[in-house]
Amino acid sequence: MVDQEILDGLNEIMSTEYTSMIQLMQHSFLMQGADRYIFADLLRDHAKDTVSHARELGDKIVSLGGVPSVQIGEVRQSTDTTEMLQQDLEQHRAAIAKIDEMVAKADERKIVALRVLLENMSLEETQFTEELEKALSLKTVSIEQRGPGKPARIKMA
């Protein structure tokens, strides 16, 4: 029995993965100066992850009786590194929200293999967003000294 709500959700994620791959590659091409050496490989490596996600999703969609999407969303462009990273962060936060929504639906329907697949994607996307947040100084780290004989404590802001 085909669960159209699950298939539609997976195809939305599929579209997001296609969009992400194109946007990440475009941003890596347009980076200039020292930023290119710092961020281009990070973006290209994650673009490879998005292709892997799309492959896994496409196979899962077919196994569930659906047809994988060929649609892409809006590819945002810039020549400013900070703006590029912000665009990628926003795109990935939206992707994580959709993936996590589908994790809940898979869990409700007791489709364990799909839930695990999506949880792994969510983990990889979350790790990438955390790297972008650090690069954009959205999460800063400081060290709190606590006195002689006591270990220092890391504080996140």
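The protein holds 4 helices and 2 strands, assigned as DSSP runs numbered from the N terminus (helices: H or I, at least four residues; strands: E, at least two). Read from the N terminus, the order of these elements is α-α-α-α-β-β. The model is a predicted one, in which local features need pLDDT of at least 70 and side-chain atom pairs count only at pLDDT 80 or more, while totals for chains, interfaces and linings use all residues. Residues are numbered from 1 along each chain as its sequence is written, and side-chain values rest on heavy atoms, with hydrogens and water left out. Along the principal axes, the C-alpha atoms fill a box of roughly 65 × 40 × 20 Å.

Turning to the interior, 36% of the 157 residues are buried (under 20% relative accessible area; exposed is over 50%, partly exposed in between; 1.4 Å probe, protein chains only). The largest nonpolar core comprises 16 residues, a core being a set of buried Ala, Val, Leu, Ile, Met, Phe, Trp, Tyr and Cys residues joined through side-chain atoms within 4.5 Å. Among the residues with the most contacts inside this core are Leu 10, Leu 57, Ile 99 and Leu 118. Helices H1 (4-30), H2 (33-63), H3 (81-108) and H4 (112-135) each give two or more residues to the core, and H1 gives the most, with 5 residues.

The strands bring us to Arg 146, which sits in the loop between strand S1 (141-144) and strand S2 (153-156). Arg 146 counts as partly exposed because its relative accessibility is 31%.
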